[in-house]
Amino acid sequence: MTLASTTLTHDDHIEAIEAYHGLGWTDGLPVIPPTPEAVEAMLVAGGVDGSEVLGTVPTRQVTVTAEKAGVNAVMAGCLPEHFPVVLAAVRALLQPLANPHSTTATLAGSSHAVIVNGPARDRLGIFGGQACLGPGFRANASIGRALRLVIRNVLRTVPGGLDRATFSSPLRYSFCFAENEQFSDWTPLHVQLGYQRDDSVVTVQSVMRLLPFIEFATEPEGIVESLSDIARTNGMGRDEFVGDARSVVVLIGQEHQLRMLDSGWTKEAVQAALWEQMTQPTRGKIDKQLVLAHPANVLVVAAGGPGLAESCVITPHLSAPTHERVVFP
Amino acid sequence: MPLITLDPTDEGTSTGFALAPRPASLHGQTLGIVANGLGLSELFFDALAEQLTKWDGIAATEKVVKPSVAVPPWPAQWEQITGSATVAITGFGGCGSCSTRSMRDALDLEVAGIPAVCIVHTALVPAVRALARLAGVPDYPIVEVGYPLNPTAMWTHDEANELAGQVLDGVRARLTA
């Protein structure tokens, strides 16, 4: 296999790790030195040639190849079997509606959530249960980090240069999780989107705000009202570019999901109720209508663990969620 | 045994391009405005066009407001500008992604043969310089707006109008030979 990247020579792994820090090619944490052999293993596992173009960012004159995604995936700590998911995530990020220039350069410091559905979750150990948004799960951490390193190294989103975030966000280290599909018979997100149940699908959504909230109401209506209130309090940017694709993601925690299931609520019923509440006209300065074209623009994802009656709303920067099927060769 | 590793960056290089030839004066030119709609910047651009018409004899103005702050113009908007403008201004470069996208708009206009200038807030100059380096034109001239004006164009109407007068000389200098 012929690789196009420039090579560097080091005495050992420790020197290589320090060299990558020195060159500004890390997120501040040590990386795995990307040897040609390790990158080739990624490309083989992804079933792609290194020269394959995954997408472009025309504003920056940047083209992202499979090889560069592979180099960054090795650095992030991915195993080769993770790479098909990384490829799908990069392709999703580079779709025009994901607005990759805007969402990676904004003053607001938005990050990106990578949500995985389908058999890849079990196959690779991408976790959607208790504490799934946090550290401790290798596939979640390394796949999410690979996307961020691509954003940093290939898209050139570097603080002081094209990254203009005022504060930035710890979500920019890594943010990948799975839908907890096995918890109930709720229709998985990817099936709602028209994919087959045995497809594996990645959804990438920019994250303007990750808004967790606790609500002890026992009826679904009370939970939906609180979810809607927190989203409306924060509001959501709108523009002509995203148009009717504008969407919000809602992560329903297990305790809330149990209450909804007890009341016979399907996921579609949750979407319809949230859409009804979220799109009501603005009622005041800190209560803003969300402009969402259809209940399907409320992407409901089951995730998290038991205990606290907690769910999360993810509002986007100026972009729409984008989806890519994971291709295992 | 030495350890060989690979460069993770895009390694893209641009050799740059020649800027569009400048007219001797703005008299009789058609001014294109590629606005991103940030804050009160549209008011500022309108005031600037008015002043350029009054003092420099601009013959006509063609303005488009892009569908989002940090995206290219719609294809029809691009046709509208490139089909009529002979000089152009872009901006307002006051947020992280919109400043760099406005810089790209200016560079794209130059490639299309239309002399352009991007108007950028001081806070975002490092970002547009980074983009200009990627494009191979690191010294591409800009017009800079400084503090105390708010970077994201959260200005009063008076500030927007006064700013038009303040940048007039800089815009003229960068659009003419």
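In the predicted model, Thr7(A) stands opposite Leu6(B), a residue of S1(B). The strands concerned, S1(A) and S1 of chain B (residues 3–6), pair in the antiparallel sense over four bridges, pairing being assigned if DSSP finds at least two bridges between two strands. Strands (E, at least two residues) and helices (H or I, at least four) are DSSP runs numbered from the N terminus. Residues are numbered from 1 along each chain as its sequence is written, and chains are lettered from A, and ligands numbered from 1, in the order in which they are written. As the model is predicted, local features need pLDDT of at least 70 and side-chain atom pairs count only at pLDDT 80 or more, whereas totals for chains, interfaces and linings use all residues.

Across the interface, 45 residues of chain A are in contact with 29 residues of chain B (C-beta atoms, placed from the backbone, within 7 Å). On the side of chain A that touches chain B, at least two residues each are supplied by strands S1 (7–10) and S3 (62–65) and by helices H1 (13–22), H2 (36–46), H3 (66–76), H5 (100–105) and H7 (138–153). This side comprises 19 nonpolar, 18 polar and eight charged residues (nonpolar: Ala, Val, Leu, Ile, Met, Phe, Trp, Tyr, Cys and Pro; charged: Asp, Glu, Lys and Arg; polar: the others, Gly among them).

Within chain B, helices H3 (residues 96–111) and H4 (residues 125–134) pack at an angle of about 40°, with their axes 9 Å apart (axes are lines fitted to C-alpha atoms over the stretch in contact, and angles run from 0 to 180 degrees between N-to-C directions). H3(B) is therefore oblique to H4(B), a class left after angles under 35 degrees (roughly parallel), over 145 (roughly antiparallel) and 65 to 115 (roughly perpendicular). The contact involves Gly96(B), Ser99(B), Thr100(B), Met103(B) and Arg104(B) of H3(B), together with Ala127(B), Val128(B), Leu131(B) and Ala132(B) of H4(B).

Technical notes: Contact = placed C-beta atoms within 7 Å.
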